[in-house]
Each structure stands twice: as C-alpha cells, then as structure tokens.
Amino acid sequence: MNLPYDVTSTNGDVKALALQTQENFRSLIRILNRLMTNGLTTISTNGESSDAILPGSPVYMTSAGAMKNALANALESSIVFGVCVNTSSVAVGAPLSVQSTGFVVLTTGQWAAISGQVGGLTPGRNYYLSVTTAGFVISTSTSASAKYSTLIGEAQTATKLKLSIEPSTYLFA
C-alpha cells in the first residue's frame, strides 16, 4: 500500500497506529458492504441542519445515525459511507438512498453540481472528497489546506463513476 505521505520521519508507534486504523476501517467497510444488497440501501435521513444532499454527494454517518455531506477537513466528516443516489436533492430530514460499491450513473449536470466541472466527470480521472465544500468531489487528491484524503472513485465516462471508496488517509504536515 502506498501512503501519500512520508512515514519514515514519524514516530514508529504513530505509523503503526495509523496503518492499523486504516486496516480496521477497511474491514468495517467490507462487513457493511456485505450487509447491503448490491451496495445500495436506504440509510436513515438527511441530518444536515439546513442543506440538502445532492445526487452523487459523498456522505458520512453521524453518531446519531443520520447522513451528512462529507468533507475532508476532519476525521469524522471524511469517513465516507457512500454517495447519495436519489434522483433529486434530498431535503433536511428526508430519507436518502446511499450506494457504497458499484457504479453510479448521473447526468452531466448532476455531476457538475458536485464537482464544479462543466460537462460532468473526466473519464479516467480519480475523484476525491473535497476539503473546501461539503458533499463535493474534486479530481486532485490533496490541496494545501487538506487534512485528509479520501478516494471516492474513478470516472468511467462523463456520467458514470466506479465507486472505490477508501478509508480517509491523514496527511501529515
């Protein structure tokens, strides 16, 4: 496994703990994926206080069991459970469908709404959780302000993303 940071300069205990935490998270995701039929399930509700969750938005599960737009600026909000696959935006308190494996197909407009890219996704590019806008994806893994890097998936076409959600990786400064 290639880590996006140099662990040789960190304390050996921190390195071991980080690697164990990542492996534990991968095991949890594998178990959760087995529990869900084809990676698709209806999970709780939109737990945002005022924001809708858009189709394709990466989401995380709160300790209360609600889904919120994921963001790569803190550990809890960067642990992506899946992406919203409702056909339209999900209002606060409404149920949403979340997919964690397989392919997600949305319109180019829906992808543009959460990636900022006109025309949808760029085929062959990996998409990561945004560090600046909750529920958005970006096509670069890091930025100067990033604390965590979370791979969401790889674009197959302008409208189709192959989900490859990975555990959040802490980026050492």
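I take contact to mean heavy atoms within 4.5 Å, and I began with how the chain meets itself. The model I looked at is predicted, so local features need pLDDT of at least 70 and side-chain atom pairs count only at pLDDT 80 or more, while totals for chains, interfaces and linings use all residues. Residues are numbered from 1 along each chain as its sequence is written, and side-chain values use heavy atoms, with hydrogens and water left out.

**Entry 1, the whole protein.** Among contacts between residues at least 6 apart in sequence, I found that 54% join residues at least 24 apart. I then looked up the secondary structure, taken as DSSP runs numbered from the N terminus (helices are H or I, at least four residues; strands are E, at least two), and the protein has three helices and 12 strands. Of its 173 residues, 40% count as buried, where buried means under 20% relative accessible area, with a 1.4 Å probe and protein chains only.

In which order do the five strands of the open sheet stand? I read the order as 6-11-10-7-8, with antiparallel pairing, and two strands pair if DSSP finds at least two bridges between them. Strand 6 and strand 8 each have a single partner strand and stand at the edges, so one side of each is left without a neighbour in the sheet. Strand 10 and strand 11 are joined in the antiparallel sense over three bridges, and I noted alanine 155 opposite leucine 161 in strand 11.

A nonpolar core is a set of buried Ala, Val, Leu, Ile, Met, Phe, Trp, Tyr and Cys residues joined through side-chain atoms within 4.5 Å. The largest one has 19 residues, of which Trp111, Ile152 and Leu161 touch the most other members. Helix 3 (108-115), strand 7 (126-129), strand 10 (151-155) and strand 11 (160-163) each supply at least two residues of this core. Apart from it I found another core, of eight residues, among them Ile53, Met67, Cys84 and Val90.

Which residues of helix 3 are buried? I listed Gln110, Trp111, Ile114 and Ser115; they cover an arc of only 120 degrees around the axis (taken from the directions from the helix axis to the C-beta atoms), which puts them on the same side of helix 3. These buried residues pack against strand 6 (103-105), strand 8 (137-138) and strand 11. Leaving aside residues up to four places away in sequence, I saw that tryptophan 111 touches residues including Gly56, Val104, Ala158 and Leu161. Just after helix 3, glycine 116 takes a positive phi of about 75 degrees.

Terms used: Buried means under 20% relative accessible area, exposed over 50%, partly exposed in between (1.4 Å probe, protein chains only).
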